[in-house]
4 protein chains.
Amino acid sequence: MQLGLIGLGKMGGNMRERIRRAGHTVIGYDRNPEVSDVKSLAELVEKLDAPRHVWVMVPAGTATQTVVDELGDLLSPGDTVIDGGNSRWTDDEKHAAALGIKGIGFVDAGVSGGVWGLQNGYALMVGGDKQHVEPLKPVFDALKPEGPYGYVHAGRVGAGHFSKMVHNGIEYAMMQAYAEGWELLEKVHSVENVREVFRSWQEGTVIRSWLLDLAVNALDEDEHLEKLRGYAEDSGEGRWTVEAAIDNAVPLPAITASLFARFASRQDDSPQMKMIAALRNQFGGHAVEKKD
Amino acid sequence: MQLGLIGLGKMGGNMRERIRRAGHTVIGYDRNPEVSDVKSLAELVEKLDAPRHVWVMVPAGTATQTVVDELGDLLSPGDTVIDGGNSRWTDDEKHAAALGIKGIGFVDAGVSGGVWGLQNGYALMVGGDKQHVEPLKPVFDALKPEGPYGYVHAGRVGAGHFSKMVHNGIEYAMMQAYAEGWELLEKVHSVENVREVFRSWQEGTVIRSWLLDLAVNALDEDEHLEKLRGYAEDSGEGRWTVEAAIDNAVPLPAITASLFARFASRQDDSPQMKMIAALRNQFGGHAVEKKD
Amino acid sequence: MQLGLIGLGKMGGNMRERIRRAGHTVIGYDRNPEVSDVKSLAELVEKLDAPRHVWVMVPAGTATQTVVDELGDLLSPGDTVIDGGNSRWTDDEKHAAALGIKGIGFVDAGVSGGVWGLQNGYALMVGGDKQHVEPLKPVFDALKPEGPYGYVHAGRVGAGHFSKMVHNGIEYAMMQAYAEGWELLEKVHSVENVREVFRSWQEGTVIRSWLLDLAVNALDEDEHLEKLRGYAEDSGEGRWTVEAAIDNAVPLPAITASLFARFASRQDDSPQMKMIAALRNQFGGHAVEKKD
Amino acid sequence: MQLGLIGLGKMGGNMRERIRRAGHTVIGYDRNPEVSDVKSLAELVEKLDAPRHVWVMVPAGTATQTVVDELGDLLSPGDTVIDGGNSRWTDDEKHAAALGIKGIGFVDAGVSGGVWGLQNGYALMVGGDKQHVEPLKPVFDALKPEGPYGYVHAGRVGAGHFSKMVHNGIEYAMMQAYAEGWELLEKVHSVENVREVFRSWQEGTVIRSWLLDLAVNALDEDEHLEKLRGYAEDSGEGRWTVEAAIDNAVPLPAITASLFARFASRQDDSPQMKMIAALRNQFGGHAVEKKD
C-alpha cells in the first residue's frame, strides 16, 4: 500500500526504511531536503492516491499540532491521519474531533523500539475506530516485530498513546529497580563481581528481561559506570503517567519514585535538603555544610 | 559426583531430581520418611565418601541453624556444607566461622527458579572461598539453566545470599511496576483491551520480560483478576534488602514502596488512615466513615 | 468598609460574621434565601457603593467560574473581585485577564482556618496587584488572627491560591507523619500508653504543633480510633501540589506518598495488589487469597 | 534528691544545670576532668547515698554499654540506672536483664530538647517498671518543661526510647514536608515572597508548629538558604524507625522517603542514576553526561 510519512528523523527515517523493505510505497516529507522525498506537504498529498494515509512522526506538542492542522486543510474526506509521535493522549481526542468534522479519520499509534526498531521491529499500540485502523494493517504488519506479539488495537482514539505512556511509566520503575539493586550490590564488599551477578541473572531468574540484557551491555562497556554522571532526563511520558494516575486516584508509588529520582538527579544542589540542614541546625545545633 | 541433600520439599525434591538427571548421586534426607532416602542425618553422612558435600535446603532461620549445627558435629575436616535456602546473608558468616573452626568449608547459594526450576534450571548465586566453591561445579552445572548464564560465583561467604536477596528486591519493584501500570490501564475507559495491550508488549518493547509473560498467563486465566484478593505476602528478602540499604545509606525508593504496598495490602483497615480521617474531622469538620 | 460576599456556607457564613464583628458592612448573597441578605447578585451589586469589592466564596471550578462571569457583566471599571475559594491557581490568571479587559480588578485569596476560623481568625494568602490588594486591607485585618502573623501578600495573581495549595500539600505530609508514627506505636507492645505519649509531645519536643494538639483531641474522644474507618478523601489541593511539582521538576516524595495513601485508603480492594498476587502465584506457586 | 549523672557534654552539662536549679544534688562524671565533679565512676558511686540513681548520658552503643557494665559492678541491689542517651530500644531489654540479675533497676528515658532544653525544659519519654520510675519523679519534674505536658511514662522497659525514636521519625517527615513545600514555592515565579508566606503561616493555619517557627528563623538568617549545601546527616533514629516498621509490617512511606532523601543528599553523584543514564543510552541512544 501507499503511505505518506512526515518526519524523517532518527525514528521516522528508520520506519520509512522498514516499511519499504516490506514492499510498500512510502512518500516521506521532512523539513530537511536532504532526506525528504518531496518538497512540501502539499506535494506529498498530491502524490498519494485517495483514500490517503498519512503518518505523522514529529515532536509532540506544537510541531504535531501544526502538521495536523495543515493536513486538515490539504486532505479530503475518507483520508486518515496517524499520529505516531509521543503525543499526550489528551491531544488525540482534539485532533480526532477537528479532523472528523472534515470527514478525515484519525488514528493514534504509540511506537516503542528506539534505535533497535529498524532491525527488530517496532512495538505498536494503536487507538481509533475500527474503520480507520483496519486499512492500516499492512503498514502495522511491516513495522511490528516478526513474532506473534508487538501490535495491539488498544481501544478508542487516545488508547494507543495512553498505552504507550503507561508502557514508559512501567519502564521508569523497571529501570529504577535494576538501578537500585545495582547500587546496593556495588556498595557491599562481600559481592566482588557485581557485573557478573547481573550477567548471571540473564537466565533462570525471575528478573530476566531485555532491560537486564542492556544493563549487562552497559556494564561490559564500563564496569562501574565511572565515565557517566548520575544525571537522567525524562521525556514527558513519565510525568503524564503520574498525572493520569492522579486524575484517576490510582496510587503509583514506584513509578512516581522513579520520576522523582530523575528530577533530583538533575539538581546541582537540592533546595529542599538545604531546608532540612537549616532546620537541623536550628533545633539541634547540628553542623551544616557551607557553600565554598 | 556425590551430594548429600537435606530438605526435600517443593524446591529440594525437584533439585534432587534435576541433579540425578545429570548423572550424579544424590542422597536426600527429609523428616518426612516417604520422600527421604535415609533415616537420619547420621546415616546420610555415613553413606557419603569423603570429602563430603552436603547441601542444606530447609527454611531459613532456626531450621537451617539446627541442621548446620548438627552437620558441624557429624562432618569431618575437608567436608563442605552448602546453604541453598533463603538464609539472611548475615547468618552465612556465622555458619562459616563455626564450621571453619572444625575445618569444614561453607558455601552459600542463592537459588532462583521456583516451580519452573526442574524444567528450566535454577539460577545460582554463590558465595564462598574458591577452594570450597570449585569442587561443587558439577552440581552447579547440573542445576543451572542450559544457556551461558544462570550461575555466578559472586564473591566471599554471604555474597550468594546477598545477591539473591537483591534479586528479590528488584523483583518486588518490577512486579510493582507492572501492577501499577495494569491498574491505571484498567481504570481508563479509552483502553478497551488491557490484556491484549499486555500481550502485545511481549515483543519489540523496552519492558518485555519473563515477568511480563507471566502477567499475560495470569490475565489469560482471569482477564480482570476478579477471582483474586489484592493481598500479597512477603518472604523476608524484600525486608532484608531495605534493611541492607539502610545499613549502607543507599536510597531504595521504588523497592521500598513495593514492600510497603504489600504490608498495606494485608491490613483489613489502615490504622494510619484512621488518624488521617480523625485529623481531617478535627480541623475541617470533614465527615468520617464510621465502622458499621 | 463595604464588602459584597457571595457564598454563605460553612466558611462564608462564618466569615461574614467575623467581618461584621470588626465593624464593617457585609452584604451577603447565597442561593439559599434563608441565609442571604439580598435576592440576587444584581441586587448585591446595586447595594454596594463604587468602587465595589465583591468576595466570592463558592466551590472551585464551575461554580466560581459562573459567578466570576456574572460579576464581569454586573460590575464596573474600578471594582474588584476577590476569589477566596479553593480555586486552582491556574484559574486565577484566566479570571484576572477576563475581568481586566473590563477594567475590573482581581485578587485571589487562599483561606485557611476551617471550623476554627470564626473564633481564631483565618490565615490569608493573597495574590494580585498592589493597587487591588491594598484597599482590601481592612477586610483582611478583620479576617486574620489577632497576632502578628496570618496574612501575606504572596505575590502576583495566582500566588495566593498557589501558596494555600502548597500549605495543604505540607499539611498532607504532616498528617501522614503523625499517622505513621501513631500506627507504629500502637503496633508495638512495650508502649502501653500511646495516647499519653502523644499528649506528652505537646511541650518541649521538636514535633509540637497544632495538628498534634488535634490528634490528642481525637484520641481523647476515641483512644484507639476504633469507631473510624481508615478512609480519607482528598480535596484537590494535594493533587494540584503534585501536579505543580511535576510541571516544575521538583521531587515531592513525602507529599506524594501522603496523597497516594489516601487514594489507596478509598479502595475496597487494590487492583495492583491483585496483580502482585497473581504474579507470585505464577512464578512461585504461592497461594493466593480468593474472593469469597 | 541526689542524682549521679554520667556524661557532661552539650546535653548532659545542660541537664545537670537544670536539675541543680530545681534544688537537687547532682554529682556529675565525665572523662573530661574540666567539667567532671569526681575523678571516677567509683568515686561517683561512693558519694551517693543508697538507694542510688545514676543517669547515663553518653553516646549510644559501645559507650553506653561500657558504662552500664561498669555500673553493674559498682552499684548495689536497690539502686537504679537510667539510660537517657539515644540508645536503640532493643538495647534496653538487654541492659535491664543484665542489671536485674544483680537486683539493680533499669529505666530508659528518651530525651528531646536539643539546644533549647536548658531554657525550655526537656521532653521526656520514659520506660520501665513503676517501682523504678516513680522514685525518679523529682528529677523528671526538674527536667521537663513547665506546662502540663512534656513527660510520659510510656510503658515497659524500652518504651521510652521507642517513643523517642518514633518522635524522631515523625520529625523527619515533618521537616521533609516543609522542605518540599519551600522548594516548590521558591521555584514558582508568581510567589514573590516565600519567606513571608512561611512567616504568615505561623498563625491561623493548619500547619503552624514549632518547626515552622524555626524555618522562619532560618529564612530570616539567610532568605534563600544560599549559604548552605543541601546535605543532611541522619542520627540513627530515623533508620531504626524504618527498621521497626519493617519488623512490624507497618508501611511508613513518608518517613522512609524523608530518610532516603537524606541518604541521597550525601552522595556526590548517584550510582543508581548512572545506571538509569546508561540504560537510556542503551535503548534509546539518549545522550549521557560524561564525567569531566
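Visitor: Which residue in strand 5 of chain B does Ile82(B) stand opposite?
Guide: This is a predicted model, where local features need pLDDT of at least 70, side-chain atom pairs count only at pLDDT 80 or more, and totals for chains, interfaces and linings use all residues. Residues are numbered from 1 along each chain as written, chains are lettered from A and ligands numbered from 1 in written order, and side-chain values use heavy atoms, without hydrogens and water. Strand 4 (residues 80-83) and strand 5 (residues 105-112) of chain B pair in the parallel sense over four bridges; strands are DSSP E runs of at least two residues, helices H or I runs of at least four, numbered from the N terminus, and pairing takes at least two DSSP bridges. In strand 5 of chain B, the residue opposite Ile82(B) is Val107(B).

Visitor: In what order do the seven strands of the open sheet in chain B lie?
Guide: The pairing is mixed. The order is 2-1-3-4-5-6-7.

Visitor: Which side chain of chain A meets Arg156(B) in a salt bridge?
Guide: The rule finds two salt bridges across the interface of chain A and chain B, each a side-chain nitrogen of Lys or Arg within 4 Å of a carboxyl oxygen of Asp or Glu. In one of them, at 3.1 Å from N to O, the partner of Arg156(B) is Glu192(A).

Visitor: Which element of chain A gives the most residues to the side that touches chain B?
Guide: Several elements give two or more residues, including strand 6 (123-127), helix 8 (159-187) and helix 12 (253-265) of chain A. With 18 residues, the one that gives the most is helix 8 of chain A.
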